[in-house]
Amino acid sequence: MKNLSLLFMVSLIMISACDVINNSTKIPIDVKNNIPGSPQVFGIPVPKGELFSPDHVRVLDSKGNEIPSQITKVNTWEPADNSIKWMWVFFFTGDETDYTVEYGPEVRNSMDYDQILTVKNNQRVNGEVTVDTGPLRFEVKKGEGGGFFNAPAGSGFLDKVELDIDEDGFGETDVIAEGREGRSSFLDLIDGMGLDRSKAVVTRTVKELGSGPLHSIIRVEGEYQYNRDDNNTAPFITRIHAYAGKSYIKVQHTFIYTGNPDNHSIPNGQYEAIVTQNGIVIDEGELSKDTGFVKPEDQIAATGLSLKYNLSDNKTVTTSYYDGKWWDKSSSQFVQSSLINEASVLQTGPNPSQIPPLENSSPEQRLQNAFKSKITIDEQTDVNAERAVGWIDLSDEKWGIMIGFKSFFEEYPKEMKVEEEQDQITAFIWTPSVEPLSFARKDLENDSGMIANFAQGLAKTTEMVFYFHKKSTNGDVEKTAKMFLDSPVTHADPDWYAKSEAFGKLSARNEKFATYERGLEYKFKWMKFNQEWEPWYGMLNYGDNLTYYYGNEWRQWTNNEPGNDYMWWLQFIRTGNPLYYRTAQAASMHTMDVDNIHWPKDPIYIGDTNESLHYFQNLEKTEGSPYVGMGRRHADQHYTSLLSAHVWVPGWITSYYLDANHRGLEVAMETGNYYVKRVFGDHGLRGRRLYLSVWNLAEIYDATKMDVYGDELKDRVNIMLELQHHPDQGGEIVINRYGYSQVYVTNGLRRYIQLTDSEEAKNAVIDHARRLRDVPPYNHDMESYLSSISSLVLGYEYSGEPSFLKEAVDRAQYLKTDELVQEFDSYENQKILAEALEEASNFPKDPGARRPPIWQITNGLRVFGWTSIYNVPYLEYWMEKENYPADR
């Protein structure tokens with residue numbers, strides 16, 4: 001009996017050790033370019049009806065052992081189903097690259113943490129937020145100081161940083177850095193009256209979704225105030241990511257430009273393309289004579305984040321640079337020297353002003369000697385290279401501070417500077433070592449339909465790392481820098497994203513249909529090639545691409561039409577390629593900030609004070625701009641043209657889901673509020689404006705579940721379906737003028753039906769597909785004809801009518817692409833590669849009735865959204881399911 005009991009106990013121990021769980025789902029996870037110890041947060045979708053609690057999710061290493069993880073419920077399938085649709089998974093990587101996310105009714109996250117972080121958020125007037133990670137504690141103060149308790153004024157960033165290197169608790173000797181009163185976050189302006197230095201005041205601090213025991217995100221809201229009345233206060237948002245047991249933080253800083261961009265006379269009225277009333281319309285003919293457009297007014301003299309350090313006299317500065325040409329990162333060198341007075345790492349490029357014409361490469365030769373990185377440490381070290389790595393460390397014999405920029409080179413001009421006289425280390429987002437950032441127009445010519453300047457209200461988000469550490473080797477500091485500057489990319493198996501159907505019924509990259517896949521792959525590689533060849537870099541440019549490629553020259557920034565960043569995200573989930581991830585990330589950050597209007601917003605009542613008077617005072621505040629939440633049109637400059645139908649939110653929300661990027665949802669909600677206000681009346685409820693708004697609102701409502709967006713979405717869908725019944729339409733949803741916008745209808749109604757399971761909407765899609773099958777749209781030539789593939793495929797999904805799928809496959813023959821005669825990366829220059837791509841493409845070479853063939857493979861991503869990327873993944877899904885032959 002004793003032996004039997006012993007055997008039973010041993011069996012229980014073995015089962016417990018193996019942690020065998022039945023009825024669970026395991027998702028393979030790959031960490032590409034892993035740096036052991038890296039913090040990783042990434043989004044994973046879950047099929048409808050499978051998971052109802054984040055407590056039933058855990059992470060396993062390559063040996064099947066559970067590792068500490070933090071799981072956040074981000075979104076559900078509601079209102080159709082209350083199961084989890086998206087979750088964020090956080091963990092620190094080990095030496096391996098393969099992991100597993102497991103969920104199921106019997107799975108439990110052990111929540112076995114060696115160390116957790118804590119957040120205290122005191123929201124009182126002149127309160128503070130304090131974050132304790134274990135070895136690191138930092139504080140951010142609210143308000144302007146003073147008050148009942150005579151609170152000290154805050155700095156706008158980190159007011160006190162403590163590093164417990166002795167592991168004996170925090171004390172006065174552990175203060176490694178402090179803020180500079182009102183100046184640790186700054187946005188200084190300069191105009192004809194001279195420099196106006198900002199003062200930063202924090203107004204609110206928030207613990208964002210995704211905050212927990214291992215990883216927390218603190219949103220710090222504030223405003224820059226100025227000495228002169230002619231300068232508007234400017235909002236800023238700083239998101240601080242803190243990690244349990246770690247003494248580094250990731251910082252995402254967003255400023256909004258509220259200055260007057262140039263000296264033109266403000267005309268009376270509104271522009272025809274964006275009027276919100278039938279009043280005075282601006283005469284652009286008169287504006288073309290106003291030379292003030294090309295004379296800058298409020299320029300950015302400097303902006304960035306700064307700290308006052310507490311280090312001894314014996315200091316050492318360390319940094320690194322690449323020792324080849326600006327495009328070559330194969331070899332880097334350390335620079336290290338003792339510090340006496342000052343140290344700087346400055347990165348500039350060919351066009352610091354960002355004003356066209358841009359200096360770029362020729363079709364046959366890359367740009368030479370245009371990028372400069374100057375590393376200066378007193379008189380002892382003076383390095384002139386083309387490209388810095390993007391970090392600098394200042395240490396004494398006890399401890400040190402490292403700062404680094406993500407995209408330091410690509411978003412030039414940047415500078416990291418140490419000034420011993422002020423005990424100050426600064427990360428300049430825009431450095432005063434170059435000319436001020438101008439927002440003037442390049443000339444008085446019409447730019448994409450307008451002579452205007454809408455720079456006021458654009459934003460820019462910059463990502464940085466701050467590492468507070470005990471004295472260590474160069475390798476340790478550089479390793480930490482690379483965790484954030486060249487971070488690993490975590491991805492579930494591509495088939496999992498398809499299986500979840502979070503993006504609809506689409507396929508992962510499928511070699512069976514290689515002729516279609518080449519058309520996608522070559523296009524994305526071509527655009528990435530040009531971004532790095534031209535190059536499309538600079539603080540306001542990086543992340544965007546130009547649109548038209550004719551005569552071996554590129555023209556017009558795309559400004560995200562039609563969801564360029566979303567295209568990159570789609571291809572990333574289909575392939576797991578980190579190149580696509582990084583490009584998508586940069587594209588979303590650019591388009592959500594630079595390509596939209598963010599200021600002035602309507603006043604918002606938070607209700608975080610006790611006085612009822614504050615609500616009524618809020619009602620009396622000035623109403624914001626009607627254009628907040630609206631996007632910009634493709635143009636030679638990002639801020640010279642607006643249009644009522646130009647804003648695409650799906651990529652921003654996808655960055656929120658996949659990358660835990662709160663800025664994406666934040667800006668998408670600005671667009672949702674813009675739709676709810678209906679500033680354009682029925683104009684905004686007709687044509688492509690209506691179709692696009694349904695897609696955008698469906699994504700916003702899905703992400704927020706807020707009725708204000710859901711009600712607006714339902715109303716607009718009803719309008720769209722009602723207009724479909726007009727005799728002129730013959731059952732087609734899209735009017736002839738906007739045939740290319742089939743993909744807006746498809747993506748919008750797919751998401752709407754996913755949320756509501758509306759039979760009315762399904763039947764509308766089927767009728768729409770039938771009409772397109774019988775009466776192909778050619779109003780924008782191949783743009784409209786190929787865009788209809790998406791509607792045919794969705795119609796097939798809801799009806800099973802085989803003629804819909806057959807017609808979609810027949811139309812898609814143009815999308816097949818032949819193999820290049822040599823490897824893509826082996827072509828020596830832009831001109832030769834472009835010629836090879838055109839030879840491989842099967843798109844029609846003849847121009848359409850209206851204009852040259854802008855659908856060609858060498859053009860930008862704009863038409864590619866209508867012809868290819870929103871069609872092929874969904875078409876391949878059904879071709880595979882219905883056993884279509886690979887060579888059809």
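Predicted model: local features only at pLDDT ≥ 70, side-chain atom pairs only at ≥ 80, totals over all residues.
Residues are numbered from 1 along each chain as its sequence is written, and side-chain values use heavy atoms, with hydrogens and water left out.

Helices (H or I, at least four residues) and strands (E, at least two) are DSSP runs, numbered from the N terminus. Strand β17 spans residues 234-243 and contains Ala234. With 1% relative accessibility, Ala234 counts as buried, a term that means under 20% relative accessible area with a 1.4 Å probe and protein chains only. Contact means heavy atoms within 4.5 Å. Leaving aside residues up to four places away in sequence, Ala234 touches Leu187, Gly222, Glu223, Tyr224, Tyr226, Ile256 and Thr258. Thr303 is 69 residues from Ala234 along the chain, and the C-alpha atoms of the two are separated by 12 Å.

Helix α11 covers residues 687-704. Its 18 residues reach 26 Å from the first C-alpha to the last, close to the 26 Å expected at 1.5 Å a residue; the expected span is 1.5 Å times one less than the number of residues. Because 18 of the 18 residues of α11 are buried, the helix is largely enclosed by the rest of the structure. Just after α11, Lys705 takes a positive phi of about 60 degrees.

The helix pairs are described by axes, which are lines fitted to C-alpha atoms over the stretch in contact, with angles from 0 to 180 degrees between N-to-C directions. Helix α13 (residues 742-756) and helix α14 (residues 759-774) have axes that come within 10 Å and cross at roughly 155 degrees. That makes α13 roughly antiparallel to α14, a term for angles over 145 degrees. In their contact, Gln742, Leu749, Tyr752 and Ile753 belong to α13, and Ala761, Lys762, Val765, His768 and Leu772 to α14. By class, this contact has 6 nonpolar, 2 polar and 1 charged residues; Ala, Val, Leu, Ile, Met, Phe, Trp, Tyr, Cys and Pro count as nonpolar, Asp, Glu, Lys and Arg as charged, and the others, Gly among them, as polar.

The axes of helix α16 (residues 802-811) and helix α19 (residues 872-881) come within 11 Å and cross at roughly 125 degrees. The two helices are therefore oblique to each other, the class left once angles under 35, over 145 and from 65 to 115 degrees are set apart. Leu805, Ala808 and Val809 in α16 meet Leu875, Trp878 and Met879 in α19. This contact has 6 nonpolar, no polar and no charged residues.

Technical notes. Buried < 20%, exposed > 50% of the residue type's maximum accessible area, 1.4 Å probe, protein only.
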